[in-house]
Every structure is written in C-alpha cells, then in structure tokens.
Amino acid sequence: MSGFQRFAATFLDTEVALKYAPQILEGLVTTIAIGVAVVVTGLAAGLALAVLRAFGLRPVNVLLIQLVDILRALPPLVIVLIIYFGPPSVGVVIPSAVVLWMSLAAVLAAFAEEVFWAGVTSTPTGQWMAARSTGLTFLQTLVYVVLPQAVRLAIPPLTNRTIAITKNTALGSAIGVNEILGQATSAEAFSANATPLVIAAALYVLIFIPLVVASHAPERRHAAWRR
Amino acid sequence: MEALIQEFFNVSVMVRVAPMILRGLFETLLLCAILVPIGLVGGLGTMLLATSPSRMARGFAVVFIDLFRSFPPLVLLIFVYSGSPFAGLRLSPLAAICVAFFLNASSYYGEIYRAGVLSVPRGQIEAARSTGLTAAQTFLYVTLPQGLRNVLPELLSNTVELVKLTTLASVISAPELLHSADLARSLTYNSSPLVLDALIYLALLWPLVRLIRRMEQKLGAS
C-alpha cells in the first residue's frame, strides 16, 4: 500500500464514513439545535441586562458588573462540570443538553451585555437630550433612539464572540451530550478509524466558515474607506 | 441549605484535596507559560503573512486564520490527539495540546495583531518612509508599536481566553487544574473540589478581566 492509500484508509475511509454518517448527522442536528438556543437566549439575555443597566440603579449595576466579570473569568468547561455534577447530589437532575445550553447561554449573555452596553454608552448625550426634549419618555428614548444605534454598533464585535462561544457546544461531549464531537469520538472508538473525526471537523468548518467569513464584511467596508 | 453547603462548600473536603489541586494549579501555570509565548509568536508570524505584499502569502494567512477560527478548540485538540496515532505518530497529551492550541492561538492572535497594524493611519507610514526609514524600519519602529498599543485590551482578553482554554486539556486526561479537580470530585464524591477549582480560576483571571475593562474604558474615552 502506498503512503497515500494508507492515509486514505485511515482518514478518508468511505465504508466507515457511510456506516457512521447517520449517527454523526444526528449529532449535527443536536449541535445546531443547542447552538441556535444558545445564540438566541444568550443574546436576548445580554440585551435585557444592558437595558437593565441603562436604568442606572447603583446596587443593581454593581451586582451586574461583578456577575458579568465572573462569567468572563471562569472557563466554560468549569461552569459546565459544576452545573452537571453538583445538582444531582442535592436531588436536582438536569439533562446534560440543558446544562450545556444554560452554561453557554450565561457566558454569551455576559459578553453580549458588555458589548451592547458599550454601544449604549457610545450614543452621544445630545441624542438622549434631543429625544427627551421632544417628549419621549426615558424608556421610549432607549427603545426607539439609543438601542437601534447600539445594536448596530454591537454587531461586528458580537459576531466574533458569538462564534467563539457557540463553538463551545463541542464541550457537550465531555458530559455525554450526543453532539457532533461526541458522536464522532464514539464512532472513532468503535471503528478504530479516524474518518469519523475528519467528518466531524468538516461539519464544524461547514457550519462556522460562513459565519467567520461574514464577520469580515464590516471590516472590509472599513478597509475600503481607509484607502 | 445544609445539604447545599455540604455539597458545594465542604471545607474539610477542600482541605483534604488541596495538595492535589495545588499540583494541578502548578501544571496549569506551566501549560500557560508554554502556550501564551508560542501563541504570541505564532500570531506575529500569521500577521506578517496576512499583511505581506505577496498575494499568495496573504491568501494563505486568510485561509489559515478562518479555518482555525471555525474549528472548536476541543475538536482540534481531539483531532490532533486521537488522529495522530492513525498517522503513525503517537503524540503525548502535552505535545497534542501544544500543537492544537498553537494553531488556534496563532490564528486568533494573528487576527488581533493585524487589526492593530491596520489601525495605524497611512500618513504615519508615508511620513516615516519620507524621512528615509526603510519599509522594515518603518514597520518595526512606527507601525508595530502603535498598532500593538491600539489592540492591547484585545491581546490581553485573548490571553485570558487562552488560559481558560487550557481546561480542555482535562478532556484528554492531561494533568492540569481542572483535571485534578475533577479527579478529586470523583474520589470524594463531592462537588467542592470543582468549586475550589472555580475559585482559583477567579483568583487568577478576575483581576485581569477588571484590568481589561479599565483599559477598554480608557481607550474608548481617548
């Protein structure tokens, strides 16, 4: 067998690929479902926290900032393991997929709150004053004037963060969630062949490359302006 | 309430497993001492390719950066670790971690450096060149220092992410902090070791996160 044939037999074996494809595709569905849930709830919670912070209640904000900093400092896998192993001992059992979703959504919410808040503070004070003097209430100003601008500013940095955190759905394999990586590693063990891992890697690239490339778009616009 | 304290904040369990956890902490610090420098240097290389005049080098850098930003780091790690024996090359867990996170960190750091270098106004480069500096001198003395200063918060923030990434090593059973904590959890049948582990990460990284917050505010204000 030539070098390439040997390589192909261990990394690109069609027979193994066909046999385990259904299992890995099932994992793909799980990954996408959890990923979408994390993105939607995480971003919504982040926006809600940023709105809460805009009310300027000092004790609430102090607490909020500490919570955000803690979630930014803790490794996601540590959070996942604590939520997974802790509660069952006190009689609360949370399904592993829910543990994964909760942990990642909390982390994304913390990062998103920071980014949305940066957008809110970068809105010039004149905008607030003008809106209030036309008779809009504080809440109306926030919702109709400040947030639309803040969200637009937040999109580029948020895209990067969201991709980085959503990729962590792969951590589910450590607590037995049957997502792409979990399915692929068990298929790899059964088949004694690396092809399932190659498929898994290809699927992740397929999911995330479009997002990563899209995240360059605003930057390219900026680069064009520079020249 | 009593049960919760017993399960999560059991001091006697924490004291009992402390030596084990401390050894894990030492191993994590060692990992960071290897990964952060090689990531920073790899990122510099990636950035040089990404900003080079050669079209081919730039194309290669773009593909490299985008590819390794799309791979979840854990997938990359498991791919390198369990895939390498199939290629006839048995990597130790430490070597697999170094290879996988070098690729990951180089692409992230590279992208940050690149943003920094591109943020330096063109006029600066033109002015430097017109005073007689060569292109290399201009890059080294004018573009790079200013570019780095502009992205210092992002560099620090990515370093925090890299330190958090070392916890993934526990998945391939490499000795590090989370691995010892999880082992201690299974030995004591109690979650307090994991909580202790979380507290150590907070002690290490919380100050850095606060520092980043302050730096971002200062840059935003200027």
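## A leucine of the last helix of chain B

B:Leu211 counts as partly exposed because 14 C-beta neighbours lie inside 10 Å; by this scale a residue is buried if 20 or more other C-beta atoms lie within 10 Å of its own, exposed if 12 or fewer, and partly exposed in between, with C-beta atoms placed from the backbone. The model is predicted: local features need pLDDT of at least 70, side-chain atom pairs count only at pLDDT 80 or more, and totals for chains, interfaces and linings use all residues. Residues are numbered from 1 along each chain as its sequence is written, while chains are lettered from A and ligands numbered from 1 in the order in which they are written.

B:Leu211 belongs to helix H10 (residues 192–221) of chain B. Helices (H or I, at least four residues) and strands (E, at least two) are DSSP runs numbered from the N terminus. Between B:Leu211 and B:Phe79 there are 132 residues in sequence and 35 Å in space, C-alpha to C-alpha.

## Overall form of chain B

Chain B contains 10 helices and 0 strands, and its pattern along the sequence reads α-α-α-α-α-α-α-α-α-α. Along the principal axes, the C-alpha atoms of chain B fill a box of roughly 70 × 50 × 25 Å. Of its 222 residues, 41% count as buried.

Two residues are in contact if their C-beta atoms, placed from the backbone, lie within 7 Å. Among the contacts of chain B between residues at least 6 apart in sequence, 72% join residues at least 24 apart.

In chain A, helix H2 (residues 14–54) has 41 residues and should span 60 Å at 1.5 Å a residue, which agrees with the 56 Å between its end C-alpha atoms. The expected span is 1.5 Å times one less than the number of residues. H2(A) bends by about 50° at A:Ala21, and the proline A:Pro22 follows within four residues; the bend is the angle between axes fitted to the seven residues ending at a position and the seven starting there. Just after H2(A), A:Gly56 has a positive phi of about 70°.

In chain B, helix H2 (residues 11–50) spans only 51 Å between its end C-alpha atoms, whereas a straight helix of 40 residues would span 58 Å. H2(B) bends by about 55° at B:Ala18, with a proline, B:Pro19, following within four residues.

## Helix packing in chain A

Two packed helices are described by the angle between their axes and the distance between the axes. The axes of H2(A) and H3(A) come within 9 Å and cross at roughly 145°; axes are lines fitted to C-alpha atoms, for helices over the stretch in contact, and angles run from 0 to 180 degrees between N-to-C directions. The crossing of H2(A) with H3(A) is left-handed. A crossing is left-handed if the near helix is turned anticlockwise from the far one by less than a right angle, and right-handed if clockwise. In H2(A), A:Leu49, A:Leu52 and A:Arg53 meet A:Val60, A:Asn61 and A:Leu64 of H3(A). This contact has 4 nonpolar, 1 polar and 1 charged residues, where Ala, Val, Leu, Ile, Met, Phe, Trp, Tyr, Cys and Pro count as nonpolar, Asp, Glu, Lys and Arg as charged, and the others, Gly among them, as polar.

Helix H5 (residues 96–121) and helix H7 (residues 138–166) of chain A have axes that come within 8 Å and cross at roughly 145°, and H5(A) passes H7(A) in a right-handed crossing. Residues in this contact include A:Phe111 and A:Phe116 of H5(A) and A:Pro157 and A:Arg161 of H7(A). By class, the contact of H5(A) with H7(A) comprises 16 nonpolar, 2 polar and 1 charged residues.

## The interface between chains A and B

In the model, 34 residues of chain A are in contact with 35 residues of chain B. On the chain A side, two or more residues come from each of helix H1 (3–11), helix H3 (58–73), helix H4 (76–89), helix H8 (180–191) and helix H9 (195–214). H9(A) gives the most to this side, with 9 residues. The residues of chain A that touch chain B divide into 25 nonpolar, 5 polar and 4 charged.

## Individual loop positions

A:Asp13 lies in the loop between H1 and H2 of chain A, and counts as partly exposed because 18 C-beta neighbours lie inside 10 Å. Leaving aside neighbours within four places in sequence, A:Asp13 is in contact with A:Asn193 and A:Thr195. A:Asp13 and A:Asn193 are 180 residues apart in sequence and 8.0 Å apart in space, C-alpha to C-alpha.

In chain B, B:Ser173 is not a glycine but has a positive phi of about 60°. B:Ser173 lies in the loop between helix H8 (152–165) and helix H9 (177–188), and is exposed, with 12 other C-beta atoms within 10 Å. B:Tyr189, also not a glycine, has a positive phi of about 55°. The loop between H9 and H10 of chain B holds B:Tyr189, which counts as exposed with 10 C-beta neighbours inside 10 Å.
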